[in-house]
Amino acid sequence: MGAGKSTIGKLLAAQLGLPFADSDKVLEDRTGADIPWIFDVEGEAGFRRRESEVLGDLCNGVAQVIATGGGIVLKAENRELLKQGGFIVYLRASLDQLVERTSKNSNRPLLQVADPRAKLAEILEQREAYYAEVADLVCDTDNCTPKQAAQLVADRLAEQSAT
């Protein structure tokens, strides 16, 4: 949450001439409901089930850039789909940056708590090993613009293709 997946993903897709898909946006379009509403009605388990279905559909062999929700790695089957599906980039940001970037966005159900910073720290601790497990590239986003991060990823993809 707040690492820049959607912003950097769109820039990267444009740079590579590929379609872009944001799994959260696809989920909202399919259900006709926003994510906070899905969390309210179906809980996190219902949201995660729908999220997995969307990921399965997006990992259909079509070359594209996909931005997933940060919690997609919580399920082992999602991690396997990701690893089989292509080149995976973990956009990493410090806790301070994540707090700053998410502080003005009320569309994040998991952060609607008394202490969002503590919740973000908990989420990072819970997910960090999973992100590292699936990542082909770790890109730190604290000290670079979204354009710089997209360029770094594009350069790394070009290196991979050349080998």
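Q: Are Tyr90 and Tyr131 buried or exposed?
A: First, a heads-up: this is a predicted model, where local features need pLDDT of at least 70, side-chain atom pairs count only at pLDDT 80 or more, and totals for chains, interfaces and linings use all residues. Residues are numbered from 1 along each chain as its sequence is written, and side-chain values use heavy atoms, leaving out hydrogens and water. Buried means under 20% relative accessible area, exposed over 50%, and partly exposed in between (1.4 Å probe, protein chains only). By that rule, Tyr90 and Tyr131 are both buried.

Q: How many aromatic pairs does the structure hold?
A: Rings of Phe, Tyr and Trp (its six-membered ring) pair if their centres lie within 6.5 Å; planes under 30 degrees apart count as stacked, over 60 as edge-to-face and the rest as tilted. Phe39 and Phe47 make a tilted pair, 4.9 Å centre to centre with 35° between the planes. Tyr90 and Tyr131 have ring centres 4.8 Å apart and planes at 40°, so that pair is tilted too. The number of aromatic pairs is two.

Q: What is the relative accessibility of Phe47?
A: Its ring partner is Phe39, which is buried with a relative accessible area of 14%. Phe47 also counts as buried, and its value is 4%.

Q: What is the radius of gyration of the protein chain?
A: It's taken over C-alpha atoms, and the globule rule is 2.2 Å times the number of residues to the power 0.38. With 163 residues, a compact globule would come out near 15 Å, and the protein chain agrees, at 15 Å.
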